[in-house]
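User: I'd like to learn how to read the features of a protein model step by step. Could you take me through this one?

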Amino acid sequence: MKKSGAAEKKRVRRSTGAVQNGARDPNSDTPPRKQAAKKDVFQVFAEKVRDHKELESRWAVLQETRVEYFRGKDFVGFLRNHPELKDILESDRNSEPEDIANSLLRKNLLLRCDRVVKTVRPGKKKLSTWPAHLEIFSDQVFSENDAFFAWTFVKRRPLWQTLLSFFWPVLTLAICLFPIYPHRCKLIILYSCAGLLLLFLSLLLLRATIFGLLYIVLGKRVWFFPNILAEEATLRELFRLCPKKDEEERPKWTTRLFYAVVAVVVILLLRHHAPDEAARARYQKRVSNIIDDVLEWSPTLALSGMMEKQQTVVNATEPDNSFTDRSQTNPEGEAPTDETGASSASDQHEADVTENTEDREQHKHHEDV
């Protein structure tokens with residue numbers, strides 16, 4: 001009787017569980033576990049839109065966190081130009097861009113933000129198109145008018161970023177092991193790094209020269225490679241050649257004249273205080289000696305130098321020991337007298353110390369040469 005009652009209870013529990021599972025989703029044919037594992041269509045849609053290159057976006061700081069954001073009007077224009085992306089939403093494929101954006105906001109895939117600086121800065125006609133600092137907007141509703149929206153989910157890392165994160169420690173270790181590289185490898189690395197540094201400095205000097213000439217002559221502010229020194233720019237934005245549009249007022253002619261005079265004075269001062277040929281040759285020789293010391297250093301030479309120093313110290317201490325043995329007994333086998341023995345011992349000791357000092361200084365001089 002007890003076994004039949006327990007079996008009856010198990011049947012009742014199974015039947016109630018089946019009823020509850022059927023009440024959860026009566027129109028679905030897929031099992032509940034597969035439904036839970038199925039990814040949200042809005043999540044997939046958000047990832048596709050974010051990875052698309054034609055949706056213009058920027059990076060900004062939101063509450064001490066760097067976020068990627070876009071403008072509301074750009075989102076609407078993007079979906080109108082690419083309606084095929086709506087097919088990911090399945091039943092919501094016919095929704096308007098505003099409704100899709102509101103759904104993303106409700107699912108916490110987007111966050112509406114507002115600019116921190118809401119006043120026009122002195123010398124500018126309007127607010128910045130892409131602000132660098134944002135704050136959370138109170139009303140989380142989509143809008144096209146001066147509204148910014150930040151992605152809240154973590155972007156999938158491509159394969160090259162994963163490989164790069166793996167090779168960073170390897171590169172750091174390779175830099176630390178530079179002194180033991182072969183001489184030819186040292187030369188290749190040295191000239192490659194020097195060439196890249198020279199290229200970067202030449203680029204900065206060229207863009208500054210073009211900016212100064214256009215500013216003084218035409219009153220235009222034109223910066224080629226505008227994001228080359230930006231801290232929060234992506235790799236694609238970093239090497240963008242096209243200059244930014246000048247949104248500031250045209251400078252007055254007095255200001256341009258003042259900067260022209262300052263530029264001429266600085267050039268004349270630099271030319272007047274430029275080093276002569278002898279100073280330049282001395283500096284070049286000093287730098288070349290430092291570079292040669294770095295390139296020609298090797299563990300073998302370092303170990304051989306240490307062994308030579310140890311041998312020199314041993315050779316310097318041997319005469320002192322032999323001298324003490326000779327000073328204790330004279331050639332006839334008798335102990336020296338106090339006066340003559342002490343004076344001769346002191347004179348001999350001073351002579352040996354002087355000779356050892358001269359030998360060490362001469363050896364040190366040869367090592368420096």
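User: Which residues of helix 4 are buried?

Analyst: Buried means under 20% relative accessible area, exposed over 50%, and partly exposed in between, using a 1.4 Å probe and protein chains only. Helices (H or I, at least four residues) and strands (E, at least two) are DSSP runs, numbered from the N terminus. In helix 4 (residues 72-81), the buried ones are G72, D74, F75, V76, F78 and L79. As a general idea, an α-helix has 3.6 residues a turn, so residues three or four places apart point the same way.
One caution before we go on: this is a predicted model, in which local features need pLDDT of at least 70 and side-chain atom pairs count only at pLDDT 80 or more, while totals for chains, interfaces and linings use all residues. Residues are numbered from 1 along each chain as its sequence is written, and side-chain values use heavy atoms, with hydrogens and water left out.

User: What covers the buried residues of helix 4?

Analyst: Here contact means heavy atoms within 4.5 Å. The cover includes helix 3 (41-51), strand 2 (66-71), helix 5 (97-106) and strand 5 (148-151).

User: How do helix 4 and helix 5 pack, and at what angle?

Analyst: Two packed helices are described by the angle between their axes and the distance between the axes. The axes are lines fitted to C-alpha atoms, for helices over the stretch in contact, and angles run from 0 to 180 degrees between N-to-C directions. For helix 4 and helix 5 the angle is about 120 degrees, and the axes are 10 Å apart. On the helix 4 side the contact is made by F75, V76, L79 and R80, and on the helix 5 side by P97, E98, I100, A101 and L104. These residues divide into seven nonpolar, no polar and two charged; Ala, Val, Leu, Ile, Met, Phe, Trp, Tyr, Cys and Pro count as nonpolar, Asp, Glu, Lys and Arg as charged, and the others, Gly among them, as polar.

User: Which residues have the most contacts inside the largest nonpolar core?

Analyst: A nonpolar core is a set of buried Ala, Val, Leu, Ile, Met, Phe, Trp, Tyr and Cys residues joined through side-chain atoms within 4.5 Å. The largest has 24 residues, and F45, V49, F75, L104 and W151 have the most contacts inside it. Helix 3, helix 4, helix 5 and strand 5 each supply at least two residues of this core, with helix 3 giving the most, five residues. Apart from this core lies another, of nine residues, among them Y69, C113, F148 and A150.

User: Where is E90, and what is its phi?

Analyst: Most residues other than glycine have a negative phi, and most peptide bonds are trans. E90 is not a glycine, yet has a positive phi of about 60 degrees. E90 is found in the loop between helix 4 and helix 5, and is partly exposed at a relative accessible area of 39%. N108 also has a positive phi, near 60 degrees; N108 lies in the loop between helix 5 and strand 3 (110-115) and counts as exposed at 56% relative accessibility.

User: Is D114 buried or exposed?

Analyst: D114, in strand 3, counts as buried at 15% relative accessibility. Not counting residues up to four places away in sequence, D114 touches H133, L134, E135 and F137.
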